[in-house]
Amino acid sequence: MTFEGKRDEGDGVRERIAYLFMITILIVLIAVTFGVLGKGEYQPPKEEQPKGSVPSVLA
């Protein structure tokens, strides 16, 4: 006899562990991102043309 609506006892525990695992990965990714950006080593690319100059367009 099978009951299609009945879940195994361990399904709730497995689901809780999966959510905990995903939330942990998300927190680690956010921490690494802010850790890298907060170090100050990242420098945005510098502009080659000074501001106010007209860039040359090659056609």
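## What counts as a helix here

Helices are DSSP runs of type H or I with at least four residues, numbered from the N terminus. Keep that in mind for what follows, and note that this is a predicted model.

## The overall picture

After α1 comes glycine 40, with a positive phi near 90 degrees.

What about burial? Buried residues account for 0% of the chain's 59 residues.

## One salt bridge

The salt bridge count comes to one. The partners are aspartate 11 and arginine 14, whose closest N and O atoms are 2.9 Å apart. Because the two are three residues apart in helix α1, about one helical turn separates them. In general, an α-helix has 3.6 residues a turn, so residues three or four places apart point the same way.

How exposed are the two partners? Aspartate 11 has 23% relative accessibility, so it counts as partly exposed. Arginine 14 has a relative accessible area of 54% and is exposed, because the cut-off for exposed is over 50%.

## A nonpolar patch on the surface

Which residues form the nonpolar surface patch? They are Tyr19, Phe21, Met22, Ile23, Ile25, Ile27 and Leu29, which together have about 740 Å² of accessible area.

Take phenylalanine 21 as one of the patch members.

Terms used: Residues numbered from 1 in each chain as written. Predicted model: local features only at pLDDT ≥ 70, side-chain atom pairs only at ≥ 80, totals over all residues. Heavy atoms only, no water. Patch = residues over 30% accessible without salt bridge, like charges linked within 9 Å, V, L, I, M, F, W, Y side chains within 5 Å. Areas by Shrake-Rupley, 256 points an atom, 1.4 Å probe, with all protein chains shown as cover. Salt bridge = Lys/Arg side-chain N within 4 Å of Asp/Glu carboxyl O. Buried < 20%, exposed > 50% of the residue type's maximum accessible area, 1.4 Å probe, protein only.
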